[in-house]
Amino acid sequence: MNTENARKQVYQLKITLKGSNPPIWRRVLVRADMRLSGLHRVIQAAMAWENCHLHEFRIGGSFYGAPNNEDEADSTINEKMVPLSRVASEEGDRFEYVYDFGDDWRHDIVLEKILPDGPAACPSCAAGRRACPPENSGSLDGYYC
């Protein structure tokens, strides 16, 4: 996708907390040219989390996040350098977002729709269901107890 088209396009993403039953989910609208680091911030706001734990995106066998520059073996791709349109470009594309490696909150992210000329108010949370577990609640088992 060329850069000009990505600037105009808006992605409708559905973010579902894996393992939640009934499902905890959010539908967000973001620009296709948003960097993965920006999407991380959108997810944090949509889930009402405080961004106080590590995270990563898992896409097609690769890991995207904040690389550990002190670890030469770290193969994490810098999320600040990757626009969303590079890793998801067709409706139905999906990938995983993991937040808080201790509690291991895993999210399924699906590109539901591509809007050629999306709304000016982007990013935004367009819909959602159920409260997200609070920080440090100890996984879904801890949250549901």
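**Backbone, sheet and pocket: a working chat**

Reader: Does alanine 48 count as buried or exposed, and at what relative accessibility?
Author: In this predicted model, alanine 48 counts as exposed because its relative accessibility is 62%, and the cut-off for exposed is over 50%.

Reader: Where is alanine 48 found?
Author: Alanine 48 belongs to the loop that runs between helix H2 (36-46) and strand E3 (55-59).

Reader: And what is the phi of alanine 48 near?
Author: Its phi is near 60 degrees, which is a positive value in a residue other than glycine.

Reader: Then H2 itself: how many of its residues are buried?
Author: Nine of the eleven residues of H2 are buried, and the helix is mostly covered.

Reader: Which ones are they?
Author: The buried residues in H2 are Leu36, Ser37, Gly38, Leu39, His40, Val42, Ile43, Gln44 and Ala46.

Reader: Back to the backbone. Where does asparagine 136 lie, and what is its phi?
Author: Asparagine 136 lies in the loop between strand E8 (124-129) and helix H4 (139-144). Although it is not a glycine, asparagine 136 has a positive phi of about 60 degrees.

Reader: Is asparagine 136 buried or exposed?
Author: Asparagine 136 is exposed, because its relative accessible area is 53%, which is over the 50% cut-off.

Reader: Which residues does a cis peptide bond join?
Author: A cis peptide bond joins asparagine 21 and proline 22, with omega at about 5 degrees. Proline 22 is in the loop between strand E1 (10-17) and strand E2 (25-31).

Reader: Now the sheet. What is the strand order?
Author: The sheet is open and has eight strands, in the order E5-E4-E3-E6-E7-E1-E2-E8, with mixed pairing. E5 and E8 are the edge strands, each pairing on one side only.

Reader: In what sense do E3 and E4 pair?
Author: E3 and strand E4 (residues 62-65) pair in the antiparallel sense, over three bridges. Phenylalanine 57 stands opposite tyrosine 64, and arginine 58 stands opposite phenylalanine 63.

Reader: How many residues lie between E3 and E4?
Author: Two residues lie between them, and E3 and E4 form a hairpin. In the turn, glycine 60 has a positive phi of about 55 degrees.

Reader: And E4 with E5, parallel or antiparallel?
Author: E4 and strand E5 (residues 77-78) pair in the parallel sense over two bridges. Asparagine 78 in E5 is the bridge partner of glycine 65.

Reader: Changing topic: how much space lies in the largest pocket, and which residues line it?
Author: About 160 Å³ of space lies in the largest pocket. The lining is formed by His53, Leu54, His55, Glu56, Gly65, Ala66, Asn68, Asp74, Thr76 and Phe101.

Reader: What does that lining look like by class?
Author: The lining of the largest pocket has three nonpolar, five polar and two charged residues.

Reader: How many aromatic pairs are there, and which residues do ring pairs link into a cluster?
Author: The count comes to four aromatic pairs. Trp49, Tyr99 and Trp105 are linked into a cluster by ring pairs.

Reader: Lastly, over which ring does the charged end of lysine 14 sit?
Author: The charged end of lysine 14 sits over the ring of tryptophan 25, at 4.6 Å from the ring centre.

Key: Residues are numbered from 1 along each chain as its sequence is written. This is a predicted model: local features need pLDDT of at least 70, side-chain atom pairs count only at pLDDT 80 or more; totals for chains, interfaces and linings use all residues. Side-chain values use heavy atoms; hydrogens and water are left out. Helices (H or I, at least four residues) and strands (E, at least two) are DSSP runs, numbered from the N terminus. Buried means under 20% relative accessible area, exposed over 50%, partly exposed in between (1.4 Å probe, protein chains only). On a 1 Å grid over the protein atoms alone, a cavity is a set of points where a 1.4 Å probe fits but cannot get out, and a pocket is an open set with protein on both sides within 12 Å along at least five of seven lines; lining residues have an atom within 4 Å of a point. Grid points are joined across faces, edges and corners, and a volume is the space filled by probe spheres set on the points. Ala, Val, Leu, Ile, Met, Phe, Trp, Tyr, Cys and Pro count as nonpolar, Asp, Glu, Lys and Arg as charged, and the others, Gly among them, as polar. Rings of Phe, Tyr and Trp (its six-membered ring) pair if their centres lie within 6.5 Å; planes under 30 degrees apart count as stacked, over 60 as edge-to-face and the rest as tilted. A charge sits over a ring if NZ of Lys or CZ of Arg is within 6 Å of the ring centre and within 35 degrees of the ring normal. Two strands pair if DSSP finds at least two bridges between them.
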